[in-house]
Amino acid sequence: MRTLAIDGGTPVRAGRPLPSPMEPSGRTIGPEEEAAVLRVLRSGMLSSVWGTEVNALTEEFAALIGTRYAVACSSGTAAIHLAVAAVDPEPGDEIIVPPISDMGSVTPIIAQNAVPVFADVDPVTGNLDPDAVAALIGPRTRAVVAVHLFGKPAPVARLRELTDRAGIMLIEDCAQAYLAPTRHGGPLVGTVGQLGCFSLQQYKHITTGDGGLVTTDDPELALRLRRFADKGWPRETGERAYLSYALNYRMTELVGAVAREQLRKLPGVVSRRRASAAEFAARVAGLPGLVLPPDDGDHVYWYLPLLVDGLDHGGLVRYAEALTAEGVLSLSGYLARPLYAEPVLRKPLTYGASGYPLAGRDYPDGLCPVAEDLVYRRLVVVPWNENFTDADVDDIVAAVTKVHTALVAS
Ligand SMILES: *Cc1c(COP(=O)(O)O)cnc(C)c1O
């Protein structure tokens, strides 16, 4: 067997990094975005309050996703904050979230003085387990945030049944899952819950550096989203009044114009990611002890998750380090720990020394055992990219085969 690069062997791929979202080679930013930026600069109008670009973006985005409205904002975290503010929980109310996500799915809940309650996840997809959610819905639950992890849709049809029965709202966090269909040929993620949240951060399928969008079919929710991002101004009447508690989360025209060009490229980005991931999946299918996520034509591969059997935490960390040393950047667990084990929630570090609204809440180890098993012992993620060539996929297959054979299946 060939010596692993991590042990001093020759890497599968040396000196030629794979396309990454940190480089032009791993992004789709070109002359169209350059022209868009110049168009806005030359117009002299950089604010979306009076400009046309962000307005056009929200119409184009709503049409693409299939909702009546979209509202733009400054980040994916801001998008979740808009959604939670639109739900309008009472202080101390609860919102159910999964423990494997970006912290941006969670901290906006605390910003609105509500309490995140963590439900365990499916052992293969890492998405919310509807039975775990059902068991946690109580008199103070106001919403569920379903994250479509790595680009695989969460079971939102079932979750929507649960939330409707309880008279609460479903927020979809679609930051990793642009254009993912919730069932074959069916509605896209972001249309099943009352609110869908998207991010344009550097690492996502499309980017403006930072930026966010929220989709909804409900005119009243759309109004609340817009007001919360715009200091409570009723722009639709022109009245000079601050009608609600709100912040300034507005997207600028420069960002909006770039987002419009990125949006045109999104279908191509998704289909290229799907094609290369399918090729990869077919070629590693025979490796014993390796499971890939099920793909019913619905996975849009933000990251490609590998589920590895039979390792302890140290073994999992070494597996990801070994892949990285072969030239295929990868991360063990996706997160260092489930979100509830982070200091901000455990200590908690919220408002002064009060711990509000988490004081007295316990987020112990073992809270979500399936999520802990994934993060600590089973999950390795490879950031996927629309610009992977056939030769790149060859190298990723070779690296995974080499590392897996050496560390798991030998
Ligand atoms: C990236 C991300 C966010 C936060 O988006 P930002 O634009 O980075 O604030 C929220 N949820 C998920 C699932 C994400 O991947």
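Domain bounds here come from an automatic or database domain assignment. The model shown is predicted.

**Close-up 1. The largest pocket and its centre.**
This pocket holds about 520 Å³ of space. Its lining has 23 residues. Closest to the centre are Ser48, Val54, Asn55, Arg226 and Asp230. The lining residues divide into 11 nonpolar, four polar and eight charged.

**Close-up 2. Helices and a strand around the largest pocket.**
Which elements each supply at least two residues of the lining? They are α2 (53-65), β1 (69-73) and α7 (219-228). Helix α2 gives the most, with five residues.

**Close-up 3. The second largest pocket and its centre.**
The volume of this pocket is about 390 Å³. A set of 26 residues lines the second largest pocket. Nearest its centre lie Asp102, Gln201, Lys204, Trp302 and Tyr334. By residue class, the lining divides into 13 nonpolar, nine polar and four charged.

Domain 1 covers residues 31-262, and domain 2 covers 266-409. Each domain gives at least three residues to the lining of the second largest pocket. Look also for α3 (76-87) and β6 (195-199). Each of these two elements supplies at least two lining residues.

**Close-up 4. Strand β5, covered on both faces.**
Strand β5 runs over residues 169-173. How many of its five residues are buried? Five of the five are. Buried means under 20% relative accessible area. On one side of β5 sit Met169, Ile171 and Asp173.

**Close-up 5. Strand β5 and its partners, β4 and β6.**
Strand β4 (residues 141-147) runs parallel to β5, and five bridges join the two. Strands β5 and β6 also run parallel, joined by three bridges. Follow glutamate 172 in β5 to see both pairings. Alanine 146 stands opposite glutamate 172. In β6, the bridge partner of glutamate 172 is glycine 196.

Conventions: Residues numbered from 1 in each chain as written. Predicted model: local features only at pLDDT ≥ 70, side-chain atom pairs only at ≥ 80, totals over all residues. Heavy atoms only, no water. 1 Å grid on protein atoms, 1.4 Å probe; cavity = no way out; pocket = protein on both sides within 12 Å on 5 of 7 lines; lining within 4 Å. Points joined across faces, edges and corners; volume = space filled by probe spheres on them. Helix = DSSP H or I, 4+ residues; strand = E, 2+ residues; numbered from the N terminus. Nonpolar A, V, L, I, M, F, W, Y, C, P; charged D, E, K, R; others polar. Buried < 20%, exposed > 50% of the residue type's maximum accessible area, 1.4 Å probe, protein only. Pairing = 2+ DSSP bridges.
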